[in-house]
Amino acid sequence: MCKKLFTGITIIGVLVLVILMISCEDNDGTLDPIDSIKSPCDNENRGDINLDGLPYTIADAIFYVNYFVYGLEALGPDFQTAAENSDINGDGKVLTLPDLVLLIGIIVGDETPFCPKNLELKRYEYWVENTVLSVSDELGALYLELDRVTDIHLLNSDMEMKKDTNRVIVYSLVGDAFSGQILRFDANIVKIEVATAEGDPVILHKY
Ligand SMILES: [Ca+2]
Ligand SMILES: [Ca+2]
């Protein structure tokens, strides 16, 4: 009897641990793209990142940008619901750069909130020369994690930049895009992610 009870408690404990592992943030404060709990295209609150009941507003885009530099704390206490609402393209992956670019595209009227969006995976290149980061093709957003805290300078006046410690995101709240030289910094890149100006995902290779 005791052995069965103990086994039952152990199984419940493992299940709770697994659920916690899925729902908790990583050690670095960011959330890896995870599968949405419910079908993203059936989510009537898609696009409402700040959970004020209004989807696709500039405030939602600012919350989304803040997540990339400040982590899940930027989404408030109900970050799980904010994350579910962040799957704008309906591909099942939340809190991604393609979703952010598409959100901004919908806000400025360049895109419609059609779900799921037909995504086209691109393959582009980047390189760093004399502390200047360049990209080969036109992009709508870029996210970087560096191996140390350092000064970071934006080299394209059409774009905006937000940074905190070793994280930086380049974006445009009016839907602008960039290519070529984009940032100057003296550090090594730990992580780099980008999205096209249309919100398509990109596999980025170092040139
Ligand atoms: Ca909102
Ligand atoms: Ca998505």
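**Exercise 1. State what share of the contacts in the protein chain between residues at least 6 apart in sequence join residues at least 24 apart.**

Solution. Among contacts in the protein chain between residues at least 6 apart in sequence, 69% link residues at least 24 apart, where two residues are in contact if their C-beta atoms, placed from the backbone, lie within 7 Å. The model is a predicted one, in which local features need pLDDT of at least 70 and side-chain atom pairs count only at pLDDT 80 or more, while totals for chains, interfaces and linings use all residues. Residues are numbered from 1 along each chain as its sequence is written, and chains are lettered from A and ligands numbered from 1 in the order in which they are written.

**Exercise 2. List the elements of the protein chain from the N terminus on.**

Solution. The protein chain has four helices and nine strands, these being DSSP runs numbered from the N terminus (helices H or I, at least four residues; strands E, at least two). From the N terminus on, the order is α-α-α-α-β-β-β-β-β-β-β-β-β.

**Exercise 3. Describe how helix 2 and helix 4 meet.**

Solution. Begin with the geometry: the axes of helix 2 (residues 58-70) and helix 4 (residues 97-108) come within 10 Å and cross at roughly 165°, the axes being lines fitted to C-alpha atoms, for helices over the stretch in contact, with angles from 0 to 180 degrees between N-to-C directions. Helix 2 is therefore roughly antiparallel to helix 4, a term for angles over 145 degrees. Next, name the residues: helix 2 contributes Ile58, Asp60, Ala61, Tyr64 and Val65, and helix 4 contributes Leu100, Leu103, Ile104 and Ile107. Finally, sort them by class: the contact of helix 2 with helix 4 has eight nonpolar, no polar and one charged residues (Ala, Val, Leu, Ile, Met, Phe, Trp, Tyr, Cys and Pro count as nonpolar, Asp, Glu, Lys and Arg as charged, and the others, Gly among them, as polar).

**Exercise 4. Work out which strands stand at the edges of the sheet of four strands.**

Solution. The open sheet has the strand order 5-6-3-8 with antiparallel pairing, and two strands pair if DSSP finds at least two bridges between them. Strand 5 (160-164) and strand 8 (189-195) each have a single partner strand, so one side of each is left without a neighbour in the sheet. The twist from one strand to the next averages 10°. Strand 5 is joined to strand 6 (residues 167-171) by five bridges, and lysine 163 has valine 168 of strand 6 as its bridge partner.

Terms used:
Angles under 35 degrees count as roughly parallel, over 145 as roughly antiparallel, 65 to 115 as roughly perpendicular and the rest as oblique.
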